[in-house]
Amino acid sequence: MQLAELPYTIPAAMDRATNEFADRQAVVDGERQVSYRQLGADVRRAAGALLAAGVERGDRVAVWAPNSYEWIVIAFGIGTIGAILVPVNTRFRGEEAADVIRRTRAKVLLVSNGFLGNDYVSMVRAGAGSGDGSRPVPGLAQLSTIIDLGSAGAWDRFLATANAIDTNAVDEAAAAVTPEDVLDIIFTSGTTGRPKGAMSTHRQTIDVAYAWSERALVTSADRYLVVNPFFHTFGYKAGFLVCMLNGATVVPMSVFDVDAVLDAVAQKRISILPGPPTLYYSLLENPRRESRDLSSLRLAVTGTTVVPVPLIERMRLELSFSAVVTAYGLSEAVVATMCHPGDPPQLISHSSGVAVAGFEVRVVDRAGIAVAPGTSGEILLRGRNVMTGYFEDAEATAEAVDGDGWLHTGDIGHLDEGGYLTITDRLKDMFTVGGFNVYPAEVEQVIMRSGDVLECAVVARPDERLGEVGVAYVVARAEHSVDAAATMTFCREKLANYKVPREVRVVSELPRNAAGKVLKTTLRAQALVSDT
């Protein structure tokens, strides 16, 4: 499809999918099978229900729930009326979620109480603190409505409220949406540990999803198992949105379970299965794999860490993938580079592909001057799909995107003669645990609040299953002692589980250079050695 022909708003794209793919399966969620015609109808009802809840164009709606059909419907419903989607990480604790909801002044929150045993409503109330007692969450003044998807019948009751809204109201709201309206705010973090909300428009979100699907050769015949969480751009923009734009079938999975994945591939004839390398290792090592028919698998898209050539070869041979590709992206740009399905394993293993449509990639030295192919430097991205900016944070936006429109990623890498990008390091010390980004400064700030800690530094060490895990080095306050186990328990109460360090090491002092800066390179080397 040519750029001029693309439906550049969610309501336009949804109308196209409803008409063009009407009787094709849109979503298979457990035993529930939904056509594109039914999906379109449910999206309209959800849009009407949001209007009934007082949501207007530009209002923010937060979704704190696992992958499900309802998540897809509400996301498209939010976009249909020109409101703004704010996904919330399901692994967040109450304080983390409350911070995102408070800063975006979200008017409505959808949660799924009971998921993984969590009482999200109680968590966010505790995390938000005190405030107006008449509100659903006293500490969140703007939040007027909470919809608990985990409560029996709550979703149907929510959709039923659309009956009070004239259907013309949904049409009018949809018609008012423009391609340049902000569609979503995806929260990330910087080295300061302060979350930043990357804003993308309808045009950018749809355009980048088309670019991903064009490189991946997605068609309406594909059946896409989305294990990556919907709150992440991988599961959302390169996941269920890709399916809607191409008439493919999305099969959401709320929690990764290797046996469930194998069963889903065999029973639902899955053709696309993206995920971090740890997902594929789990499939390869599962003893039930050989008894499952995996012949429908076509495409694997992975990244976030080095992908060994032997893994790619095994994925093709033992998991039936005809194509395994790697990609590179971030919340501010979703996906900027991606391999071609026909690229050789050696190239796929050691690179993250070439720029996708809408992006330029540049590697520069400390002076901002472009370096020669093969020379490492900071990776810069520019193009029509770089975020419009951080939500209500002009200073952070100016630091990230320069006057020429280049996004400074903080990642270190190099380009080869063919434009293939290799990631070699991270300026920002960020590391990746099982596909999730962890920012040490955020973890360090939490540990420093535990009471007995004077100083803290968090680094990563390799982990065979998760790619990387955190190791925290702590120095006790004078006349105090630090209990490593208690510190980890404190972190579990305050942080999403993937952010919690795998190990806490108590030391007398942190290594520093002459200027007093903590030498994290030294700590990383020490982390490779057992502390026992």
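Reply: With 532 residues, a compact globule would have a radius of gyration near 24 Å, and the protein chain, at 23 Å, agrees with that; the radius is taken over C-alpha atoms, and the globule rule is 2.2 Å times the number of residues to the power 0.38. This is a predicted model, in which local features need pLDDT of at least 70 and side-chain atom pairs count only at pLDDT 80 or more, whereas totals for chains, interfaces and linings use all residues. Residues are numbered from 1 along each chain as its sequence is written, and side-chain values use heavy atoms, with hydrogens and water left out.

Taken along the principal axes, the C-alpha atoms of the protein chain fill a box of roughly 70 × 60 × 55 Å. The protein chain has 17 helices and 24 strands, these being DSSP runs numbered from the N terminus (helices are H or I with at least four residues, strands E with at least two).

Helix 2 (residues 36-52) packs with helix 3 (residues 69-80) at an angle of about 60°, their axes lying 8 Å apart; axes are lines fitted to C-alpha atoms, for helices over the stretch in contact, and angles run from 0 to 180 degrees between N-to-C directions. Helix 2 and helix 3 are therefore oblique to each other, since angles under 35 degrees count as roughly parallel, over 145 as roughly antiparallel, 65 to 115 as roughly perpendicular and the rest as oblique. To their contact (heavy atoms within 4.5 Å), helix 2 brings Gln38, Leu39, Asp42, Val43, Ala46, Ala47 and Leu50, while helix 3 brings Tyr69, Ile72, Val73, Ile74, Phe76, Gly77, Ile78 and Thr80. By class, the contact of helix 2 with helix 3 has 11 nonpolar, 3 polar and 1 charged residues; Ala, Val, Leu, Ile, Met, Phe, Trp, Tyr, Cys and Pro count as nonpolar, Asp, Glu, Lys and Arg as charged, and the others, Gly among them, as polar.

Helix 3 also packs with helix 1 (residues 10-20), here at an angle of about 125° and with the axes 8 Å apart, and helix 1 and helix 3 are therefore oblique to each other. In this contact Ile10, Pro11 and Met14 of helix 1 meet Phe76, Gly79 and Thr80 of helix 3, and the residues divide into 4 nonpolar, 2 polar and no charged.
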